[in-house]
Amino acid sequence: MSNYAMDVDVAKVGCLVPKMDDVKKELLVSMNELYARGLKTSCQWSSDLLLSLEVGNNPKPLAKKIEGYKRPKIIRSCLTSVPKNMSVSKPTDLYSIDQLPIAYHEMELYLHARTCYNAKEYQRASFWLKNCYSKIPLFLKMYSDYLAADSNIKNIGSEATPSMFKEYRNFLDYLSQLLESIRQQKKGDGYLTYLLGVVYVKLEQYEAAVNMLVESINEVPLNWHAWMQLGDLIVDRVKLSKLELPNHWMKNFFYCQKYLDLQLNEQMLGMTQYLFNCGFSDSIFLQSRVAVCYHNKRYIEIAVQKFQELIEIEPCRLENMDTYSNLLYVQHQRVELAYLAQRAVKIDKYRVETCCILGNYYSLHGEHQKAMRYFHRALKLNPLYLAAWTLLGQEYMELKNSNDAIQSYSKALEINKYEYRAWYGLGQTYEILGMFKHSLHFFKQAQLLRPFDSRMIIAVGNVYEKLGNVDMAFQSYLKGRAMGDDEKLGLIYLAKLYVVINRPDDAAKMFLEYIEEHGIDEQTRDHSYAYMFLANYYLTRMNIDQAFHYAQKCLNYAETKEEAKALLKTIVHERIFMEIDNLIKCTSIDEKKSKDYEKEEMPRQLEMLSLTQKAEGNQNEDDDDNKDDDDNKDDDSDEEEYLCNSISRYMILVDPSELDSVSK
């Protein structure tokens, strides 16, 4: 156990990593074999690991802790017991021609064929290797045949005729039979078995493909191509748990990728932390997966920071930068997204990641036609590029093109039925179309894939409410609130539901909590709705001050401005009548305190009011004798002004000191 760095229990799913010098030797041998067979992606992936190893006379410091993951105690013995006199590999150890197991008379043909292969002239490469039978030239020939047929059918695309597809499938059948014959005669190796698994995938014989890929991994465990092809076939957690993999340290990296694909983010962080502690802390592959993991967990700020660190480490790297552009798009960071787009164009204008970044850039600026153009370009470069199909569906929704949006999301699900964004997009599309039962189905599928994502849960509740199922909507909103309410919609939906079911007190509590939590952003329609409800709520309960306060808030929103003006007039009238009632009530209290009220003269206030009214009456009679039109003028006076004048006159007649004494 002293030779391993453990910080998580990986025995059940992964494999303990040996000493770093042993890992380095394996990687050097494997890179030689991978490069000789033209498996460039696996070779590049292995070189990334080789670059990140903590070996040699100057060991790297211990990996820092991943944010959001609590790391247990670490056994540091394996990190401190690094051999100082470790032998340095010779330049001939890597990509050495004379060490390749190729027959002497086939060497020149192989070298020429590999130069053709590197230039993507696959048919030429296959032609020069037609009479070679050593394992490496044989693999390169068959792999070139496969790539030539596959690239040809992809380049033709929609213009391909049924006869072309039939010819392509016949070729795949022939190639699979040839590879199976070589395997049965035991003349092949793990790389030819891997190619057989790839051909079975194209023939849609998935069970046989899984068996061949697992067999290949057992023979050559450092072929990352085989691991990734196998990962594409393992699309749920049950299949992953039943998979029987070799007990090799490469299995840890495979689980890192699959945990990320299956949204098992905590498990992914735990496995990554273990690999960091083992010595792969500088692996760009692992660091990029951590950044994507934080993106999935919606830790936006941390994810942006991780992607910025990746750019500083390797500025010309475009892998996963499309995910980074999604983060910048969500945060409306136009300057940063513009800088990223400019840098991506300079690196490689025709990479799918560059097209996706440019699409997000134009979409953020409202130029949806240009955005769609770049997403279509990405799909021409790679028809199976999942992100482009999903983002294209969103652009169609922006342009109110529901039919094409549905087709784009459906295409994304054909590629990967576990793409929750496509399910969620279909739910939104059908909700806009008013087809709520269909919308509920798609939102539920998204929720199954993201059971702890509050957006999915609240979306399900919203559709339940529109279908009239108040109980299920209520439960969904409460569950969404418990899951964190990422989009800050749970409170407002819950408050509106209380309004619908006529529970105004609970609705008022929810609206007040919503305003308290999200009072910084007061420019949304939900804020105006909350303020208007609270103004009416407090007015019905005669809390004039609070009603006046929230009604004034409503004046700041265009959708409630006119209604707020009318409400303020009502509040002013209610305030006037309340003042009158208070004055009359105060007078009544004063009358009750006087024991001889009926015997004695009237209170001074009422007497003065009576005398004033008599004087006004006499004056009116005199005026009637001289001017016959005065009554008509009084009838035409404004009611509100008359009421205010009457109250003012009454207030003048009342002695303020007496009011104070009565109120006390």
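Guide: In this predicted model, D150 has a relative accessibility of 7% and therefore counts as buried, the cut-off for that class being under 20%. Its partner in a salt bridge is K202, with 3.4 Å between the closest N and O atoms. D150 belongs to helix α6 (residues 135–156) and K202 to helix α8 (residues 190–202), so the pair ties together parts that are 52 residues apart in sequence. K202, in turn, is partly exposed, its relative accessible area being 30%.

A search of the whole structure finds 21 of them. In the one between D453 and R455, the closest N and O atoms are 2.8 Å apart, and both residues are buried. K370 and E367 meet through their side chains at 3.3 Å, N to O; here K370 is partly exposed at 34% relative accessible area, and E367 is likewise partly exposed, at 33%. E180, R183 and E215 are linked in a network of salt bridges.

As for the setting, the protein chain contains 34 helices and zero strands. Of its 664 residues, 46% are buried. Among contacts between residues at least 6 apart in sequence, 59% join residues at least 24 apart. The chain exposes about 36000 Å², of which carbon and sulfur atoms supply 51%.

Terms used: Residues are numbered from 1 along each chain as its sequence is written. This is a predicted model: local features need pLDDT of at least 70, side-chain atom pairs count only at pLDDT 80 or more; totals for chains, interfaces and linings use all residues. Side-chain values use heavy atoms; hydrogens and water are left out. Helices (H or I, at least four residues) and strands (E, at least two) are DSSP runs, numbered from the N terminus. Buried means under 20% relative accessible area, exposed over 50%, partly exposed in between (1.4 Å probe, protein chains only). Contact means heavy atoms within 4.5 Å. Accessible areas come from the Shrake-Rupley method with a 1.4 Å probe; for residues, only the protein chains shown count as cover. A salt bridge is a side-chain nitrogen of Lys or Arg within 4 Å of a carboxyl oxygen of Asp or Glu.
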